[in-house]
Amino acid sequence: MMDRPQGLALIDALLVRGELIDYHLAHAARADLCRRLGDTGAARGAYERALALAQLEPEQRFLRRRLAEVQT
């Protein structure tokens, strides 16, 4: 089994410790890394969390588009 990429491991560590747990961009970054790795289930969950936390309409639109991409 392949090791978890370093960037994803760092983001996950921050989220597990509770740091940035309510920061939508941390979840969006995690979602993007998961999407690039082909883990669409994890990407979908992270995009959904990011969307729930995002407050600005342009960010919400972007996250909705990304979420739609991993749902198809």
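Modeller: A residue is called buried under 20% relative accessible area, exposed over 50%, and partly exposed in between (1.4 Å probe, protein chains only). The model is predicted, so local features need pLDDT of at least 70 and side-chain atom pairs pLDDT 80 or more, whereas totals for chains, interfaces and linings use all residues. Numbering starts from 1 along each chain as its sequence is written, and side-chain values rest on heavy atoms, without hydrogens or water.

I would begin with α1 (6-16) and the loop that leads from α1 to α2 (24-36); helices are DSSP runs (H or I, at least four residues), numbered from the N terminus. Within α1, Leu8, Ile11, Asp12 and Leu15 are buried. They lie on the same side of α1, because they cover an arc of only 100 degrees around the axis (taken from the directions to the C-beta atoms). The cover over these buried residues includes α2, while the face of α1 turned away from the buried side carries the exposed residues Gln6 and Leu10.

Just after α1, Gly18 adopts a positive phi of about 90 degrees. Leu20, in the loop between α1 and α2, likewise has a positive phi, of about 65 degrees, although Leu20 is not a glycine. With a relative accessibility of 41%, Leu20 counts as partly exposed. Together with Tyr23 and Leu25, Leu20 makes a nonpolar surface patch of about 260 Å², where patch members have over 30% relative accessible area and no salt bridge, and nonpolar side chains are joined within 5 Å. Leu25 belongs to helix α2 and is partly exposed at 38% relative accessibility.

Charged pairs begin with Glu19, which forms a salt bridge with Arg17, the closest N and O atoms being 2.8 Å apart; the term requires a side-chain nitrogen of Lys or Arg within 4 Å of a carboxyl oxygen of Asp or Glu. Glu19 is partly exposed, with a relative accessible area of 38%, whereas Arg17 is exposed at 55%.

Arg35 and Asp32 are three residues apart in helix α2, so about one helical turn separates them. Arg35 is partly exposed at 26% relative accessibility, but Asp32 counts as buried, because its relative accessibility is 18%. Another salt bridge, at 3.5 Å from N to O, joins Arg64 and Glu57. Through salt bridges that share partners, Asp32, Arg35, Arg36, Arg66 and Glu69 form one network, and the whole structure holds nine salt bridges.

Leaving aside neighbours within four places in sequence, Ala50 is in contact (heavy atoms within 4.5 Å) with His24, His27, Ala28 and Leu63. As general background, nonpolar side chains tend to be buried together in soluble globular proteins.

Methods
Helix = DSSP H or I, 4+ residues; strand = E, 2+ residues; numbered from the N terminus. Patch = residues over 30% accessible without salt bridge, like charges linked within 9 Å, V, L, I, M, F, W, Y side chains within 5 Å. Areas by Shrake-Rupley, 256 points an atom, 1.4 Å probe, with all protein chains shown as cover.
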